[in-house]
Amino acid sequence: MVRILKKDDWFHPDGFPIAVERRDPQEPFGLHAHEFSELVIITGGRGLHVTGQDSWQLGTGDVFVIGGSRPHDYLNMENLRLINVLFDQEDLSIELMDLPSLAGYHALFHLEPAWRKRHDFKSRLRLTPTDMKISVGLVDELDGELNKRNAGFGFLATAIFMQIVGFLSRCYGRSRNTDSRALLRIARTITHLESHYADAINLDELVDMSQMSKRSFLRAFEAAMGYTPIAYVIQLRIARAAKLLCQTDDNVTNIAYSVGFNDSNYFSRQFRKHFGITPRAYRQHHLK
Ligand code: RM4
Ligand code: NI
């Protein structure tokens, strides 16, 4: 049985869903998973990062994200030092704004964790000393807000957290190594879909962008995102439609068309499959 770290034990009793845990050094901890996610910055030393059956050599400057359900541990530590930024994405409900337009964001948060095996972890983010300094500075600021907990800390801590996520996403985007570049190419197909979800999807265009064979691309995409590109676009369209249903009084058919469906019955079926209720019921529910 893998030990599961509980939100209640790791976040402040007020329930604010970001916490900073410094490990200087990381002590033996044991295999575990979390009810939350963890952004890890290796600040010094060496060690093995174990996820399931696999293990990866860590060094200073490595940054990676551990989704909650992924069991992990550290072994063979030689003065391994790290900073964990614990966060619960759902409880945070941050507006991502144009973050998904950064390929580095998808690469760091979605693709690398799922795809590490193929790249033997060579596609991870490794910060330059300058970027490391900036990142640690931001974490220090975040930590300060969280410790003082003065009125307004929730807003400020969230803002600093967003800065960290945005900054690291940009850092990934600047990565030069071959494996990271390969991951960024797939990430770019995702950013393309994010901004063109309402258009007809051209699979060949995506394959071209990835510079991979069609077969490898499809496999890689699905492994990383949990959906085929087509299914992913449908998710984007439905999410956008859900927003429009709440925020506008445009009719269902128009909304379906405006997000890229060309058949409103098909839209309603897909919507229902996703949310368990019809678009109309969804709107009713959110009007209350
Ligand atoms: C541990 C180790 C784990 C982390 C907890 C919060 O020392 O770094 O990975 O989840 O702290
Ligand atoms: Ni952990």
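**Conventions.** I worked with a predicted model, in which local features need pLDDT of at least 70 and side-chain atom pairs count only at pLDDT 80 or more, while totals for chains, interfaces and linings use all residues. Residues are numbered from 1 along each chain as its sequence is written, chains are lettered from A and ligands numbered from 1 in the order in which they are written, and side-chain values use heavy atoms, with hydrogens and water left out.

**Metal site.** I looked up the nickel ion (ligand 2) and found it coordinated by His-32 (NE2), His-34 (NE2), Glu-38 (OE) and His-72 (NE2) at 2.2 to 2.4 Å, where donors are N, O and S atoms within 2.8 Å of the metal (3.2 Å for Na, K and Ca) and water is not among the atoms, so sites may look incomplete. The arrangement is octahedral because the six donor atoms subtend angles of 76 to 171°; for six donors the term requires opposite donors over 155 degrees apart and all others between 65 and 115. I noted the spacing of the donor residues in sequence as H-x1-H-x3-E-x33-H. His-32 lies in strand 3 (residues 32-34) and His-72 in strand 7 (residues 72-87), so the pair ties together parts that are 40 residues apart in sequence; strands are DSSP runs of E with at least two residues, and helices runs of H or I with at least four, numbered from the N terminus. I found both His-32 and His-72 buried, meaning under 20% relative accessible area with a 1.4 Å probe, protein chains only.

**Cores.** I then checked the largest nonpolar core, in which Ile-18, Leu-39, Leu-142 and Leu-168 touch the most other members of its 67 residues; such a core is a set of buried Ala, Val, Leu, Ile, Met, Phe, Trp, Tyr and Cys residues joined through side-chain atoms within 4.5 Å. Helix 5 (residues 153-173) gives the most to this core, with 10 residues. Domain 1 (3-173) and domain 2 (231-286) both give residues to this core, so it lies between them; the bounds come from an automatic or database domain assignment.

**Strand 6.** I found that five of the five residues of strand 6 (residues 62-66) are buried, with Asp-62, Phe-64 and Ile-66 on one side and Val-63 and Val-65 on the other. Strand 6 pairs with strand 4 (residues 37-51) in the antiparallel sense over four bridges, pairing needing at least two DSSP bridges, and Val-40 has Phe-64 as its bridge partner.

Technical notes
Four donors count as tetrahedral if all angles lie between 85 and 135 degrees; four count as square planar and six as octahedral if opposite donors are over 155 degrees apart and all others between 65 and 115; anything else is irregular. Buried means under 20% relative accessible area, exposed over 50%, partly exposed in between (1.4 Å probe, protein chains only).
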